[in-house]
Amino acid sequence: MTQTEDKVLSTEDTPLVPIEKIVSLSKRRGFVYPNSEIYGGVSGIYDFGPLGVELRNNIRRYWWWSMVQTNDNIVGIEGSIITHPRVWEASGHVENFVDRLVDCKNCKRRFRVDQLPLENVEQNKCPECGGELTEPRLFNLMMETYIGVVEGERMKTYLRGEACQNIYLDYDNVLKSSRMQIPFGICQIGKAFRNEVTPGNFLFRQREFEQWDLQFFVHPSEMQKWFDYWKEYRVKWYEGIINHKDRLRLRPHGPDELAHYAKQAFDIEYRTVLGWQEWEGIHWRQDWDLSRHSEYSGHDLSYTDPETKERYIPWIVETSGGVDRTFLNLLLDAYEEEPPSGKDKEGRTVLHLHPWLAPVKVAVLPLQKNKEELVTTAKDIHNRLKRLMVSQYDDVANIGRRYRRQDEIGTPFCVTVDFQTLEDSTVTVRERDSMGQIRLAISELPSYLLQRVTWNYA
Ligand code: GAP
């Protein structure tokens with residue numbers, strides 16, 4: 001199955017969805033909750049509810065499948081959040097991972113200098129009230145923590161500011177313990193922490209979030225080839241899971257935007273109500289990381305080519321994206337409020353999520369709740385399907401209401417058990433996007449649904 005075969009392609013450009021609609025749906029239906037809400041919450045930190053965790057797992061699993069499982073020259077690791085503090089000196093984060101901030105002397109609001117309109121920077125003027133701005137001050141984004149229990153002997157370190165550092169730390173161990181040879185890659189999905197000065201826009205800019213990284217190690221002479229290869233691969237990957245392909249683009253970084261570790265960079269961006277925003281970064285990290293860790297640790301991380309015996313520090317292509325931004329962008333991409341039309345008198349809210357990623361794959365619904373045979377048959381089908389995929393049984397309210405409940409959370413298929421089922425062992429299968437229905441033998445349901453909702457179904 002190709003990436004796009006099984007999905008709805010919306011060709012006309014529907015209006016951009018306000019983030020508040022996604023925040024409200026997420027809370028109401030159990031995708032995302034504010035963290036520590038009963039204590040007033042913590043800015044920039046969120047929890048994921050029952051549907052959110054299913055969607056997140058599907059997003060992670062699909063990335064892992066397409067990056068690690070299906071590429072023979074890539075392996076995965078899972079590193080820890082806390083590392084030796086010297087890691088962050090070597091990586092440049094202690095020195096360079098800073099935001100420049102100014103405060104308004106009048107209204108006391110705080111701004112990141114790189115986010116201010118040029119005119120306000122030049123005139124030193126607050127964009128909100130026109131007041132005078134302070135001189136810029138530097139704020140480091142790394143979150144500090146301490147290891148050890150005895151006061152005075154505790155070691156200060158950091159929660160990792162970018163997850164990828166573990167990959168450089170484990171690079172040599174992976175080389176020695178696996179049969180990888182350059183060119184090869186190491187992948188990881190893991191949490192990162194940043195004391196963002198302006199967290200906001202829901203999951204877009206958080207203080208605790210999850211990244212996925214590929215670090216691909218190459219000979220310097222092949223850097224351009226692999227940089228282009230992964231750029232194209234990752235753009236296609238995102239195109240394969242969204243409906244609005246015209247909202248995706250690849251943008252080169254200007255020289256003043258480059259992170260301290262990057263010689264060149266491209267952002268894969270997605271357009272929402274926030275404008276064009278980064279979804280994933282493709283970075284030309286060159287030999288920055290392995291050279292710095294060699295220097296700071298005293299451990300030589302150079303590579304010897306087994307055939308030519310050439311010794312060199314490998315260069316690195318990085319593709320680094322966010323699980324949370326994927327989660328948010330997919331909801332923004334999928335959300336639609338459809339007006340009443342034809343046989344649909346009420347209109348509906350629907351999430352056109354790719355069936356591979358939808359949190360619930362199928363809902364099994366008896367036509368009526370008070371007919372015991374319908375209920376027993378529907379429960380039996382649900383009990384068998386739930387071993388293969390996430391299935392929900394629902395018999396509350398009329399059938400139209402139940403379809404709408406499932407549309408709103410993006411369930412691609414609803415199976416209805418009706419009176420004909422009792423005669424010929426067939427059911428109706430309703431498809432979320434077209435609302436079309438087919439009749440299928442109960443015995444055919446598992447293979448039909450598996451083919452539609454599983455990306456690695458052979
Ligand atoms: N190792 C490279 C690196 O960390 P980055 O551009 O700072 O690069 C990579 O981050 C990805 O992590 C971004 O493209 C974005 O998807 C996600 N990300 C970064 N900061 C984030 C934040 N504060 N909240 C949510 N996601 C974030």
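Me: What should I know about the model and the numbering?
Reply: It is a predicted model, where local features need pLDDT of at least 70, side-chain atom pairs count only at pLDDT 80 or more, and totals for chains, interfaces and linings use all residues. Residues are numbered from 1 along each chain as its sequence is written, and side-chain values use heavy atoms, with hydrogens and water left out.

Me: Thanks! How many helices and strands does the protein have?
Reply: There are 13 helices and 23 strands. Helices (H or I, at least four residues) and strands (E, at least two) are DSSP runs, numbered from the N terminus.

Me: And what box do the C-alpha atoms fill?
Reply: Roughly 75 × 65 × 50 Å, taken along the principal axes.

Me: What share of the residues is buried?
Reply: Of the 458 residues, 51% count as buried. Buried means under 20% relative accessible area, exposed means over 50%, and partly exposed is in between (1.4 Å probe, protein chains only).

Me: Among contacts between residues at least 6 apart, how many join residues at least 24 apart?
Reply: That comes to 66% of them. Contact here means heavy atoms within 4.5 Å.

Me: On to helices. At what angle do α2 and α9 pack?
Reply: Helix α2 (residues 50–69) and helix α9 (residues 323–334) pack at about 110°, and their axes are 10 Å apart. That makes α2 roughly perpendicular to α9. Axes are lines fitted to C-alpha atoms, for helices over the stretch in contact, and angles run from 0 to 180 degrees between N-to-C directions. Angles under 35 degrees count as roughly parallel, over 145 as roughly antiparallel, 65 to 115 as roughly perpendicular and the rest as oblique.

Me: Is the crossing of α2 and α9 left-handed or right-handed?
Reply: The crossing of α2 and α9 is right-handed. A crossing is left-handed if the near helix is turned anticlockwise from the far one by less than a right angle, and right-handed if clockwise.

Me: Which residues make that contact?
Reply: On α2 they are Gly52, Leu55, Arg56, Ile59 and Arg60, and on α9 they are Val323, Asp324, Thr326, Phe327, Leu330 and Leu331. By class, this contact of α2 with α9 has six nonpolar, two polar and three charged residues. Ala, Val, Leu, Ile, Met, Phe, Trp, Tyr, Cys and Pro count as nonpolar, Asp, Glu, Lys and Arg as charged, and the others, Gly among them, as polar.

Me: What about α1 and α11?
Reply: The axes of α1 (residues 19–29) and α11 (residues 399–409) come within 11 Å and cross at roughly 120°. That makes α1 oblique to α11. The crossing is left-handed. Leu25, Arg28 and Arg29 of α1 meet Arg405, Glu408 and Ile409 of α11, a set that divides into two nonpolar, no polar and four charged residues.

Me: New topic: where does Phe31 lie?
Reply: Phe31 is in the loop between α1 and β1 (32–34). Phe31 has 0% relative accessibility and so counts as buried. Beyond its neighbours within four places in sequence, Phe31 is in contact with residues including Leu25, Leu55, Phe327 and Ile409.

Me: Is Ile182 buried or exposed?
Reply: Ile182 is buried, with a relative accessible area of 14%. Setting aside neighbours within four places in sequence, its contacts include Tyr171, Phe217, Tyr312 and Pro314.

Me: And which side chains have polar contacts with Ser302?
Reply: The side chain of Ser302 has a polar contact of 2.8 Å with that of Asp300 and one of 3.3 Å with that of Arg311. A polar contact is a pair of N or O atoms within 3.5 Å; within protein, one must be able to donate a hydrogen and the other to accept it, and residues adjacent in sequence count only if both atoms are side-chain atoms. Ser302 is in the loop between α8 (288–297) and β14 (303–304) and is buried at 17% relative accessible area.

Me: Last one: what is phi of Ser36?
Reply: Phi of Ser36 is near 50°, a positive value in a residue other than glycine. Ser36 is partly exposed, with a relative accessible area of 32%.
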